[in-house]
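Try each task before you read its solution.

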Amino acid sequence: MQAAPLEPPGLEALPVNTESDPEKIVRFQAALDQLIARTSEDRYVLAIVLVGSLSVETIWRRESLGLWIIEADGVSRRLRSDGNDERVYRILVENGINIHVELIPRTRFKQMVDGASRTAFSCNFFAERRVVYSRDPSIESWFAKANSVAVKDQERELLAFSTWTIHALRHARKRLEIKEDLDLAAQEILSAAHSVAHTEIIRGGKICEHDIIYRAIEGNPKLFQAIYLDVLAKRKNRSVLAAALDALDEYLKQHSPEHLRPLLDYLKKENRVVPLSEIGEQFAYSQLHPWHLESACEWLEQQGLVEKLSAPFKLTKRSLETVEEPAYFLSP
Amino acid sequence: MRTTIQVQGARENNLRNIDLEIPRDKLIVITGMSGSGKSSLAFDTIYAEGQRRLLASMSTFAKRFVGQLKKPDVDFVNGLSPVVSIDQKTTGSNPRSTVGTMTDVSDYLRMLFATMGTPHCPRCGEAVAIRTPHQMLERLLSLPKGTVVEVRAPVFQIHGEDYEYLFEQIRVNGYRRALIDGQPRDLGDHIELDEEEEHVVDAVIDTFVIGPGIDQQVVTSLEHGLKLGDGLLSFHIVKPKQGNAESKKFHDGFGCAKHRMVAGEMNQSQFTFNDPSGACPTCTGLGVSMRVLPALLVPDPSRSLNQGAFVSAAMGNGRDSWGGRILHSLATHYGFSLDTPFQDLADEHVQRLLYGTKGELFEVVLPPGAQQGQQHVGKKIKFQGVVNQLEHHYRKYRKQGTSNAGMDEYLKRVMVEYDCPECGGARLKRARRLVTVAGRNLFEVGQMHLSELLGYLKLIQPTDRQRAICESILREVATRLELLVAIGLDYLNLNRRSATLSGGESQRIRLSSQIGSGLMGMLYVLDEPSIGLHPKDNVKMIETLQRLRDLGNTVIVVEHDADTIRAADHIIEIGPGPGVHGGTVVAEGPLKKILKDPGSLTGQYLSGKKSIAGPSLRRPKRGQSLFVKGARENNLKNINIEIPLGQFVCVTGASGSGKSSLIHQIVQKRLFAILHDSRVLAGEHDELTGSEHISDVINIDQSPIGRSSRSNPATYIGFYDAIRTLFAETEESKRRGFTASTFSFNVKGGRCEECAGEGTITTQLSFMPDVEVVCPTCKGARYNQETLEVNYQGKNINEVLESSVEEGVEFFAKQPTIARKIAILEELGLGYLKLGHPSTILSGGEAQRVKLAGELGKLKRGKQNLYILDEPTTGLHFADIDRLLDSLNRLVDNGHSVVVIEHNLDVILTADHVIDLGPEGGHKGGRLVASGTPEEIAACRESHTGQFLAEMLQGKSGS
């Protein structure tokens, strides 16, 4: 008798995730509670913050838990693999669920909360985070206070994303109109669209976390239909891309004077012809490269908001001769 | 145990294989004519060998970090101790070096202030308590559980920056909330403040809810907060509201009553201006700031803007440069011509150029012929002015916190220093200036004259707890100060910058540091410590040297001063003549032996058998004078001075009495500004008249004549060109097609290419000393074989360079132009120098005389120059002084004027006119004590110089 051939491992053999979202939430919550129970006896653990939420809307994508654990100062345990930052990353596990933990000393955490402006770190990041355990009431109070969006931080982020948008748009137009390269033009447009998405989220007083483009589409479907969905979905043709560029142009015209306010305020305050290198120095901390600022200043000049001139520039610290660099002037 | 230092076979430089035994633990003076070999013995042999042996004892690893010395040309030196040389070099121009840092007194005072200082509240001035973070924590834990306490740090605006910058800085430090004028504000918001008003800003450091387990975070948070608050924090109970019994109990004795300010522990590094925790943030601890001086921007006001009236680095005028466009646009807009000399421009236009258009817009117009910049045409812009533009760049540069030598140099050319507007020159942060000991802060203590400071230290009353530390600090400070006062430096203060000290002053400071070190068994080698000392201060100097000896040290002094020689236990005279005529021990032994020794020139001068002759007749005034009115530079007390022209004028006075301030800072610089460069800024005075009687002002100082070994007396004075021409004109040269440049060792052609005309080849070894070997190709002759084959009167070019000045006079007798210039060198006592003597190894005195020879060689009829010499007798033996005076008198006889700053009484006595400043140094000086002929000065009872002159005159008339 011939033995029946072995069935190849088919689909039936693979485990099927039959867990419902509410069940998954319970499982994750249990893991979190278990960790809290373990750490509550540890006097050096001051607080635990859940990053994101365990809501029905977002649980589907969760594979692990993300936590910040605020530890007392001066007790950090460091491993060779840790970098120089005082914050260290650890991966724990509870009930088979991996927990990605960022261990942060209290003072460092305070700095993250308050000293936002030059650390590329938004204050309003607390919005989607929740203190799930605390033995230091002041940490809870920071959460309550810091949820207010710092105006200057918001402005800086808007400035950064707007300059990126302008920069990408500039390149997209060149690719489309001069090079007639539809693929690369589309790529640049999509890049600009992502920056616009960030801008839209920030304008709404929200934080830039996951699924930004989806959230932005929900907030402004018409705009993103033109600059994102059409570019992605339709066959790339000149008219689709041109329409996207026009929409981006329109968006910039409408919002950029507001988004570029820190730059305009700075030029107004200086009340003189300011060389681009000095502008770069002023905004060096905001993840803005000179070419982003250059694109923004050129755009402002095209809009007639600033005057473009030039200023002498020495290439080396010993140079006696000068070359010229762009300089911009805004009459208050 | 050895009681002598034995030197055998010393052959360094011109020393002729000499042997001698120098007694240890004595004060020894080595004297002799200039160039006789004194320094070769003291420094190049004894000091160099002592130093070399000390370094040789170090490990190979340590040797990598220290310079290595060559073994001097001596058989052996026995009986050496660790050797310290105290020379006359000024301590460099580091603006952070002060008398306090040089003497280590500042270090001790810092410790004193950190230990005993009383901080004060920056808001109300009330004294505040000092608490460690742990003590603050204890206080916090005394509050009931659940109490909410807010900790704040006082912060202050940085001068020249707006409040926005301050808020940014607070956020950079990790704090977002603050109280501004008592109102809580979020620093993440836009905060509009009246920048003209002063606002009270307190950054919120942290908020604590009192309870168990908060210890570590409170302490860390307070430590961070103390950094932002510069050592000050205030504590405020937020919940429950302040005012209850608990709150009163908490604040009682904890912080100032009104602002609840508490100071953190202090440490000495917070009181140094070289550390960011102590330095004033505006001037970064320099005490000075810079501002543009318009006069420096326009060096020659007779030039028009088109001719480059502005210094080019400040404002270019090229038609395609941005500066050129601005200038042309401004001229078009305001209606002035760019061809008008700057001095003739209307005030209104000068103001626009220097300080900007004050908000007014003007159109960009391109200069005629411009090739670029079309895109700018018609745009309306503003101009902030050249001065504001430069000051903006300066602020930006300072903010960067880096130093760039080129930038510093440039800024110095167009900007002048003034006291820092924030700290007023105190160099320290506000919080540090608020710490006092016995009612004075560290800066005020540093401003006191050293004698006054000693008195202040006695006022300090330490508590029982502080006593042990305080007493040892005070003892150290007092010992050092007493030494400085004893050495005649009582007029200095600790804040005085080292760069402003004279060579003599810095030498004496270092000398006092050595005595303060209390070491014994050392060997000290000093170079003319009497330089710059008034005879009355010299007495103190000699006492100090004797004190150093009495501590158990051997003190070797190279000296010409008669009083110092008389005070020596043992005298060594090297000679008999200079250079090749010297290098032997002429006489040695105690003073009595020297006085009786007929072979000793020093002995003859000291015993009065020989003397410097005074002039038989003083020159009458020719009716022309320079008048300085209202001289106020440094310590000068608004004095009026007349300097008669056509005479030999001596300026005298105690050290620090204001002689250099008057002559160098005012007279020389003002004349230079009038005659040559208006950018040179003279010291503070009202007016200088009489400059029309002067053709030129020439300062003949002791700075080196060149820093390259390729420079020598022949190249400096300029007769080397004539010598090269002589060689080029020989038949042999013509036949070979040689020109004068073939005989230059600086250019390719005739020089040896192996060593590039240096004569030696230096090889650098990593941790061994550099090895210098004679060039194997030219054997040190510097020229190639073909060039050396050309002879002039039997000597080739190298042999001419190797011959001495004396030989040169004879050799070039038939060449009057060359001979005259060489003869002047000989007349000035430099006959022993080789014509090709590298400038780098000339002493200060020799360099000064070479310069003088250069000037004497240039004398032209009809010119009436003013020559300024600062202590020209430095390094000169009695015999040399005679020759120098002859030369100076020759200048005066030719119609020139000579002003000499001098302490040497023999020189003063020969002057036609003496200006005596004083009566003392520093704040007790700066007045005109007497003016007139030496006899008139001698008759003046208030003049210290006069008293010494009177004694000399009496002695002369007696003998």
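**Exercise 1.** Find which residues of helix α5 of chain B are buried, and what they pack against.

*Solution.* Start with the helix, residues 133-141 of chain B: its buried residues are Met136(B), Leu137(B) and Leu140(B). Here, buried means that 20 or more other C-beta atoms, placed from the backbone, lie within 10 Å of the residue's own. Next, look down the axis of α5(B): the buried residues fall within an arc of 100°, so they line one face of the helix. That arc is taken from the directions from the helix axis to the C-beta atoms. Finally, these residues pack against β6 (148-155), β9, α7 and β11 (261-263) of chain B. Helices (H or I, at least four residues) and strands (E, at least two) are DSSP runs, numbered from the N terminus.

A note on the model: it is predicted, local features need pLDDT of at least 70, side-chain atom pairs count only at pLDDT 80 or more, and totals for chains, interfaces and linings use all residues. Residues are numbered from 1 along each chain as its sequence is written, with chains lettered from A and ligands numbered from 1 in the order in which they are written.

**Exercise 2.** Describe the side of chain B that touches chain A.

*Solution.* First, the count: 34 residues of chain B are in contact (C-beta atoms, placed from the backbone, within 7 Å) with 36 residues of chain A. Then the elements: α6 (163-172), β9 (201-209), α7 (215-228) and β14 (380-381) of chain B each supply at least two residues. The largest share, 5 residues, comes from α7(B).

Methods. Two residues are in contact if their C-beta atoms, placed from the backbone, lie within 7 Å. A residue is buried if 20 or more other C-beta atoms lie within 10 Å of its own, exposed if 12 or fewer, and partly exposed in between; C-beta atoms are placed from the backbone.
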